[in-house]
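Trainee: I'd like to go through this one region by region. Could we put it up and talk it over?

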Amino acid sequence: MSDPVTSRWRALLGLLRPDAARWAGLGALLAVGSVFGLVGPLIVRTLLDRAAAGTTGAVLARFAVAYLLVAIGAQLCSVVVAWFATITAWRTTNKIRMSMAAHVLGLDHEFHRRHTPGELIQRVDGDVTSVSDFLGRVVPRAVSAVMSVVGIVVVLAVVDWRLAAGTSAYLAISVRLIVAGRHRAVTESSDEMGSYARLYGGIEERLTASEDLRANGAGSHAVWRFVEESAAVVGSAIKRERAFLRLWWIVEGAVGAASAVALAASGLLVARGTISIGTAFLLFQYVQLISRPLEDFVHELETVQKAHGAMVRVMDLMAIAAEIKDEGTISPPSGALAIDFDRVSFDYGDDEVVLHEVSVHVEPGRRIGIVGRTGSGKTTFSRLVLRLVEATAGTVRLGGVPLAQIPMSELRRRVALIPQEVELLSGTIRDNVTLFDDAPTDAEVIDALRRAGLASVADGDIHRQLGPGGEGLSAGEAQLLSLARVWLRRPDLIVLDEPTARVDPETEARLEAAVGELTAGRTTLIIAHRLSTLRRTDDIMVFDHGRVVEFDDRERLAGDPASRFHRLLALALDDSVDVDEIDVDTIAADEIDVDEFDPVSGTGDIEIVGVAS
């Protein structure tokens with residue numbers, strides 16, 4: 001079995017492969033810089049030896065000019081490397097961000113149910129930024145250090161094999177000590193990044209719910225949760241800092257010991273006449289060159305820690321496979337789609353089953369009203385149709401084709417969702433209708449807005465920018481705009497999740513008219529809590545504890561005194577009750593007793609538990 005760390009870094013190399021040419025160019029620049037670093041001390045060595053031998057001043061001056069040119073070249077190369085490394089790192093990591101964002105968006109509903117948006121933002125942006133810092137600053141220095149060290153050992157081996165042997169022993173001991181302390185530091189860094197992700201996730205959650213928290217006096221709870229999560233971050237940061245300090249002392253001790261040994265050995269060898277003064281200087285300079293990368297590693301350890309921990313988290317996220325596979329090759333027949341559930345069950349991996357062997361057939365072009373208590377399975381039923389979740393057992397078919405055999409692009413083109421909570425994005429009105437698709441023309445967008453009941457918006461400037469969260473449109477206009485989105489797509493199956501829940505009566509009338517036109521000739525599922533939403537439906541489907549307990553023609557159920565839907569209508573027709581205020585989630589089947597009630601004439605006796613009418 002391969003080492004997990006090795007596998008993750010191998011995966012990182014795979015992410016770098018698209019920019020391999022740029023990274024190779026950076027490597028060439030680093031090689032040039034390393035040569036400059038090696039040549040400078042060699043020039044000084046020769047200058048000192050020539051000076052000790054009594055060489056003329058003109059010759060020494062030439063060596064001095066050569067050293068100056070090498071130093072200038074080294075500095076210029078360093079500037080170019082820093083610029084090129086930063087640009088290349090950002091190009092690469094931006095591609096990683098795009099890959100991660102696409103991967104996260106492709107994961108199923110269950111994944112997003114377990115992870116908050118704030119946590120995912122930290123993973124996609126914060127972690128990748130840490131990787132970018134590592135690639136742009138640490139990797140060039142590390143590669144340059146490796147090239148320089150190899151060059152130094154080779155040069156010293158040519159000068160005197162004992163110098164090369166001593167330098168190699170120093171390197172081996174230092175690297176061994178660094179590796180021993182690094183693993184602990186990386187673990188602590190990964191834990192710290194996880195603490196930050198939880199902190200940001202909590203902040204995002206409480207900012208989203210800020211209005212409810214303030215209105216219900218729960219501000220203190222939010223503050224204390226922030227304090228607890230911040231304390232966890234501080235605790236993990238302290239652990240990471242302790243690991244950093246231990247490694248810092250190890251490296252500084254090794255550097256100081258190496259410098260002392262180099263001076264003592266050089267002095268002894270010069271005194272014995274084994275090496276020249278210039279060679280002694282060369283050895284000392286090369287020991288300093290070797291020590292510099294070790295010291296840089298200490299100073300960049302925090303970046304290395306964060307990058308390694310972030311890379312672990314990035315690759316772990318990329319390794320999560322979507323449970324819903326896009327492997328379909330069959331397209332359903334054109335036109336309105338039939339829906340078939342064949343003994344379909346679903347659960348979220350726990351002991352509680354959400355749907356129990358549901359078997360229904362929806363004729364193409366029918367408008368189905370779906371009612372039931374909260375948690376009865378209505379929303380899960382629609383998610384299965386949209387293939388946002390996968391059935392635990394049984395088969396779901398659209399147009400006679402199993403969902404798994406339909407290409408995801410085809411499914412998304414032919415099936416549309418109009419949610420209760422409409423998300424408006426930063427951009428223009430046109431952007432929010434087209435979802436940033438340049439294909440529709442302005443005329444098509446304006447026509448869709450008019451058909452959705454937003455003539456006033458269509459007559460204005462569709463290129464007008466909306467503020468954060470869709471500021472500039474009311475909640476009702478936002479709901480109507482979601483209809484305009486669907487008009488542009490012209491799907492064959494539409495799911496409406498309580499579309500009138502957040503609108504005023506006037507907007508509701510416009511919405512119902514637009515929905516009536518939009519759903520004509522299309523298969524439609526309308527999840528309803530208010531009975532007024534069901535006026536234009538053909539059939540009614542009643543869910544109870546994960547089972548379909550009633551599914552029939554709306555008029556037939558309305559005329560059947562024994563049906564649950566009849567009882568709901570009976571309650572709605574009571575003069576003391578507003579039909580628009582009835583929430584079917586709160587009505588149990590045994591809470592209404594209807595005695596010979598006629599839903600057409602409104603005559604008969606209605607009794608609600610605890611209330612007689």
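Trainee: Which residues of α11 are buried?
Mentor: This is a predicted model, where local features need pLDDT of at least 70, side-chain atom pairs count only at pLDDT 80 or more, and totals for chains, interfaces and linings use all residues. Numbering runs from 1 along each chain as its sequence is written, and side-chain values use heavy atoms, with hydrogens and water left out. Buried means under 20% relative accessible area, exposed is over 50% and partly exposed is in between (1.4 Å probe, protein chains only). By that rule the buried residues of α11 are K378, T380, F381, S382, L384, V385 and L386.

Trainee: How many of the nine residues of α11 are buried?
Mentor: α11 covers residues 378-386; helices (H or I, at least four residues) and strands (E, at least two) are DSSP runs, numbered from the N terminus. Just past α11, R387 takes a positive phi of about 55°. The helix is mostly covered, and its buried count is seven.

Trainee: Which strands does α11 touch as it packs on the sheet?
Mentor: That sheet is open, with four strands in the order β2-β1-β4-β5 and antiparallel pairing; strands pair if DSSP finds at least two bridges between them. The direction of α11 makes about 115° with that of β1, where axes are lines fitted to C-alpha atoms, for helices over the stretch in contact, and angles run from 0 to 180 degrees between N-to-C directions. Contact means heavy atoms within 4.5 Å, and the strands that α11 touches are β1, β2 and β4.

Trainee: Which residues have the most contacts inside the largest nonpolar core?
Mentor: A nonpolar core is a set of buried Ala, Val, Leu, Ile, Met, Phe, Trp, Tyr and Cys residues joined through side-chain atoms within 4.5 Å. The largest one has 33 residues, and strand β2 (residues 353-362) gives the most to it, with five. Apart from it lies another core, of 30 residues, including V457, I462, L496 and L511. Back in the largest core, the residues with the most contacts are F341, F381 and L398.

Trainee: Is T428 buried or exposed?
Mentor: T428 sits in strand β7 (residues 427-428). Setting aside residues up to four places away in sequence, T428 touches I462, H463, R464, Q465 and L466. Its relative accessibility is 8%, so T428 counts as buried.

Trainee: And how far apart in space are R413 and R490, C-alpha to C-alpha?
Mentor: R413 belongs to helix α12 (residues 408-414) and is partly exposed, at 48% relative accessible area. Beyond its neighbours within four places in sequence, R413 is in contact with R489 and P491. As for R490, it is 77 residues from R413 in sequence, while the distance in space is 8.3 Å.

Trainee: Last one: how much space lies in the largest cavity?
Mentor: On a 1 Å grid over the protein atoms alone, a cavity is a set of points where a 1.4 Å probe fits but cannot get out, and lining residues have an atom within 4 Å of a point. Grid points are joined across faces, edges and corners, and a volume is the space filled by probe spheres set on the points. The lining has 14 residues, with E512, V515, I526, T533 and R536 nearest the centre, and helix α17 (residues 505-519) supplies the largest share, five residues. The space in the largest cavity is about 130 Å³.

Conventions:
1 Å grid on protein atoms, 1.4 Å probe; cavity = no way out; pocket = protein on both sides within 12 Å on 5 of 7 lines; lining within 4 Å.
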